[in-house]
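Subject: The structure I promised you

Hi,

Here is the structure I said I would pass on. Have a look at it first, and then read my notes below.

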Amino acid sequence: MTELAVITPTYRPDAELFDLLHASVLRFTPADTVHHVFVSEADLPLFSKYEGPRCKVRTSSSMLPRRYRPVPGMNYHVNVRRPWPPVRGWIMQQTIKLAAAGDLDADLVLMADSDVVFVRPTTADRFQVEGRRWLYREDGGVTADMERHVIWHRVARELFGLPPAPPPPLPDYVSPLNAWEPAVVRAMQQHIEKVTGRNWLDVFNGQLHISEFILYGVFVDEVLHAGKDLLPSDITVCHNNWQRSPLSVDEAVKFAGEIGPDAVAMMISAKSDTPLEPRRAAIARVAEIVGSR
């Protein structure tokens with residue numbers, strides 16, 4: 001069993017961002033850390049060049065039962081054995097994360113989006129406080145106007161057989177870099193099956209609105225630690241920029257210069273369409289900061 005693994009579902013439009021991410025995984029994680037990458041059949045030739053001792057590239061469908069394999073020519077996954085509604089790509093991407101994390105023989109798995117880059121040495125110890133794993137949790141981060149997040153909380157609690165959540169604010173567990181314990185993921189899958197009497201994959205993919213991160217967080221807080229002391233939280237692990245418009249070089253450098261001393265990664269949202277030049281400038285700026293401390 002390894003201490004640490006990294007999982008990234010990705011696709012062709014994020015190929016350049018993934019290249020930056022993977023280079024940072026090789027540089028800043030331990031030598032036995034493997035980057036597990038999941039892509040579509042069509043994108044496999046593009047990403048297969050990364051295959052090696054520290055990178056395993058697989059098709060998303062390889063993690064799923066045959067009934068969830070994609071129909072050729074369609075841009076979404078459907079059940080090909082039974083006439084179920086199509087599973088949206090975003091839901092299927094979450095499914096891949098849950099299936100892969102539960103399948104890995106590792107102490108800890110980092111779920112890293114393609115637009116994340118590691119900027120400091122990262123080990124499993126970074127995700128412990130006094131010997132206890134911490135949980136990414138922003139207390140009060142979900143407010144009443146965040147309708148989708150509120151729905152995600154409701155759905156998670158339904159799948160776990162929990163009573164309705166109190167009114168917002170609620171904790172937010174969503175992050176572009178998140179740490180999961182595979183043993184906990186497996187326990188969560190089994191709990192969903194116990195509550196619903198159905199395969200967790202079928203239950204999860206049958207939802208119109210669901211978040212894998214909210215699901216994991218609610219399970220840890222409300223099921224595993226119900227009536228006990230909650231795990232400590234940490235929201236400083238990744239320095240994030242959620243801006244939806246492109247950053248200039250100067251803006252990217254300024255953002256990078258604000259990185260906190262505890263962040264091991266940085267994210268400039270792919271939805272901003274920020275070009276590679278500002279991204280590389282931000283990485284270089286963080287390297288200067290880290291090197292000066």
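Is aspartate 221 buried or exposed? Aspartate 221 is buried, because its relative accessible area is 5%. A word on the terms: buried means under 20% relative accessible area, exposed means over 50%, and partly exposed is in between (1.4 Å probe, protein chains only).

Before you go further, note that this is a predicted model, where local features need pLDDT of at least 70, side-chain atom pairs count only at pLDDT 80 or more, and totals for chains, interfaces and linings use all residues. Residues are numbered from 1 along each chain as its sequence is written, and side-chain values use heavy atoms, with hydrogens and water left out.

**Salt bridges**

Side chains of opposite charge can pair when their charged atoms come close. There are nine salt bridges in the structure, a salt bridge being a side-chain nitrogen of Lys or Arg within 4 Å of a carboxyl oxygen of Asp or Glu.

Aspartate 221 is in one of them: its side chain meets that of arginine 137, at 2.9 Å from N to O. Aspartate 221 sits in helix α7 and arginine 137 in the loop between β7 (132-133) and β8 (138-142), so the pair ties together parts that are 84 residues apart in sequence. (Helices, H or I with at least four residues, and strands, E with at least two, are DSSP runs numbered from the N terminus.) Arginine 137 is buried too, with a relative accessible area of 6%.

Arginine 126 and aspartate 234 form another salt bridge, at 3.2 Å from N to O. This pair links distant parts of the chain, 108 residues apart: arginine 126 is in the loop between β5 (116-118) and β6 (128-129), and aspartate 234 in the loop between α7 (212-224) and β11 (238-241). Arginine 126 and aspartate 234 are both buried.

Now try arginine 154 and glutamate 158, whose closest N and O atoms are 3.1 Å apart in a salt bridge. Both lie in helix α4 (residues 147-159), four residues apart, which is about one turn of the helix. Arginine 154 is partly exposed at 43% relative accessible area, and glutamate 158 is partly exposed at 46%.

There is also a network of salt bridges that links Lys97, Asp113 and Glu212.

**Charge on the surface**

Glu3, Asp32, Asp105, Asp107 and Asp125 gather in a patch of negative charge on the surface. Patches are made of residues with over 30% relative accessible area and no salt bridge, with like charges joined within 9 Å and nonpolar side chains (Val, Leu, Ile, Met, Phe, Trp, Tyr) within 5 Å. Lys and Arg count as positive and Asp and Glu as negative, while His and the chain ends are not counted. The place of a charge is NZ of Lys, CZ of Arg, CG of Asp or CD of Glu, and accessible areas come from the Shrake-Rupley method with a 1.4 Å probe, only the protein chains shown counting as cover for residues. Glutamate 3 is in strand β1 (residues 2-9) and is partly exposed, with a relative accessible area of 46%.

**Covered strands**

In a regular strand the side chains alternate between the two faces of the sheet. Look at strand β2 (residues 34-39): six of its six residues are buried, so β2 is largely enclosed by the rest of the structure. Val34, His36 and Phe38 point one way, and His35, Val37 and Val39 the other way. Strands β1 and β2 run parallel and are joined by five bridges (two strands pair if DSSP finds at least two bridges between them). Valine 6 has histidine 35 in β2 as its bridge partner.

Strand β10 (residues 177-180) is covered on both faces, with Leu177 and Ala179 on one side, Asn178 and Trp180 on the other, and all of them buried. Strand β4 (residues 106-112) runs antiparallel to β10, with four bridges between them. One of the partners is alanine 179 in β10, which goes with leucine 110.

Most residues other than glycine have a negative phi, and most peptide bonds are trans. Here, a cis peptide bond joins proline 168 and proline 169, with omega about 10°. Glutamate 130 has a positive phi near 50°; it is in the loop between β6 and β7 and is exposed, at 79% relative accessibility. Aspartate 273 also has a positive phi, about 55°, and lies in the loop between β12 (265-268) and α9 (276-292).

Cheers
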